[in-house]
6 protein chains.
Amino acid sequence: MKISARNVLKGKVKAIAKGTVNAEVTIEIAPGIDIVSIITLPSVRSLGLKKGAEAYAIVKASNVMVGVPHSPR
Amino acid sequence: MKISARNVLKGKVKAIAKGTVNAEVTIEIAPGIDIVSIITLPSVRSLGLKKGAEAYAIVKASNVMVGVPHSPR
Amino acid sequence: MKISARNVLKGKVKAIAKGTVNAEVTIEIAPGIDIVSIITLPSVRSLGLKKGAEAYAIVKASNVMVGVPHSPR
Amino acid sequence: MKISARNVLKGKVKAIAKGTVNAEVTIEIAPGIDIVSIITLPSVRSLGLKKGAEAYAIVKASNVMVGVPHSPR
Amino acid sequence: MKISARNVLKGKVKAIAKGTVNAEVTIEIAPGIDIVSIITLPSVRSLGLKKGAEAYAIVKASNVMVGVPHSPR
Amino acid sequence: MKISARNVLKGKVKAIAKGTVNAEVTIEIAPGIDIVSIITLPSVRSLGLKKGAEAYAIVKASNVMVGVPHSPR
């Protein structure tokens with residue numbers, strides 16, 4: 001399946017922390033650049049996510065905000 | 001201000017495409033890695049966004065999905 | 001690619017209305033049941049979306065709210 | 001109250017799985033078509049959600065992505 | 001309909017700016033406190049939104065971030 | 001940092017309820033007006049959130065829906 005989400009960032013699973021309904025999954029998309037995701041536990045299982053595995057962090061463009069450094073402006 | 005969003009990725013504004021209500025802003029967060037954002041036009045103005053300027057792509061962890069390559073898994 | 005989004009609903013593209021930055025895409029997932037999506041124009045193009053084509057409406061579970069009928073409860 | 005969300009899909013509560021902060025609620029909107037939602041526990045209580053009860057799955061159009069089958073296109 | 005969104009803030013429509021697909025709607029929920037929303041044009045029409053009319057700003061709790069003042073903390 | 005989110009509402013932390021992955025944070029932005037947020041536990045810690053502390057509720061405009069009283073009902 002190809003998806004409309006504009007941001008599909010390839011990386012490796014760095015950590016998975018499981019809760020009761022959700023899990024926090026950290027994906028390293030470049031050296032020193034991590035993306036943290038909260039997904040449901042059944043998704044962790046159905047994707048077969050494991051530390052070290054190849055994975056994509058996927059974000060719809062309308063869910064990305066922009067920030068600028070506060071001061072000199 | 002410090003924000004709860006887990007993903008705050010530093011980069012440079014690479015492109016700004018303006019519509020009538022929204023604008024599409026592309027931020028390069030690493031060589032070859034772009035993040036595309038849709039924000040409102042007043043935000044583009046109030047942040048003073050310009051091509052080449054330093055900027056952050058900000059994403060709440062609950063808005064990040066995870067994908068895995070389809071087959072050999 | 002397999003994705004963590006819990007809701008991946010198969011259907012057919014029923015309508016595409018284009019704006020300047022975004023487009024509204026309607027997908028019929030069952031007789032009489034439509035799902036409306038707002039995605040960016042470049043996504044409409046890169047997916048090759050056309051009226052009548054097979055498509056999926058994809059929604060992360062954390063973006064689904066629940067409602068109940070107001071009164072007799 | 002009438003709401004701006006473009007997607008208001010009528011169905012029946014099929015399952016409720018409770019965590020410590022959130023709950024996962026599954027709503028069957030047509031035979032064989034389920035929508036999974038993550039909402040907070042207080043919402044489950046205040047809506048009086050119960051298995052078998054009538055309920056709506058509600059999604060803002062900007063939170064719906066579109067996918068297409070990968071290959072033959 | 002009663003909805004699971006934890007944030008339902010009553011106010012008055014202060015401004016509506018229409019684009020080609022979306023509109024920006026400003027709701028004043030308390031003196032000096034405005035909430036800005038981006039919804040689709042068909043929603044503006046189907047809700048019959050007009051400047052001065054009573055309206056609610058509705059936000060799912062998982063879409064609210066938290067910030068703190070930067071320095072002295 | 002200055003952020004593109006159109007809704008940045010100043011208030012005080014009224015309550016924090018912690019789960020295993022997420023926490024529910026209530027911010028009072030005006031007398032009698034609370035905003036409820038779900039953020040991850042590490043964010044609660046890194047922001048140093050405490051009951052009574054000054055905080056902002058931050059919402060991207062595309063995540064705000066609009067409702068109207070049902071009237072003729």
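**Close-up views of a predicted model**

A:Glu24 is buried, at a relative accessible area of 13% (buried means under 20%, exposed over 50% and partly exposed in between, with a 1.4 Å probe and protein chains only). This is a predicted model in which local features need pLDDT of at least 70 and side-chain atom pairs count only at pLDDT 80 or more, while totals for chains, interfaces and linings use all residues. Residues are numbered from 1 along each chain as its sequence is written, chains are lettered from A in the order in which they are written, and side-chain values use heavy atoms, without hydrogens and water.

**View 1. A:Glu24 and B:Arg6 form a salt bridge.** The N to O distance is 3.0 Å (a salt bridge is a side-chain nitrogen of Lys or Arg within 4 Å of a carboxyl oxygen of Asp or Glu). A:Glu24 belongs to strand β3 of chain A and B:Arg6 to the loop between β1 and β2 of chain B, so the pair joins two chains (strands are DSSP runs of E, at least two residues, numbered from the N terminus). B:Arg6 is partly exposed, at 26%.

**View 2. B:Lys14 meets B:Asp34 in a salt bridge.** Their closest N and O atoms are 2.7 Å apart. B:Lys14 lies in strand β2 and B:Asp34 in strand β4 of chain B, 20 residues apart.

**View 3. Strand β6 of chain B pairs with β1(C).** The pairing is antiparallel, over 2 bridges (two strands pair if DSSP finds at least two bridges between them). B:Val68 stands opposite C:Lys2.

Conventions. Helices (H or I, at least four residues) and strands (E, at least two) are DSSP runs, numbered from the N terminus.
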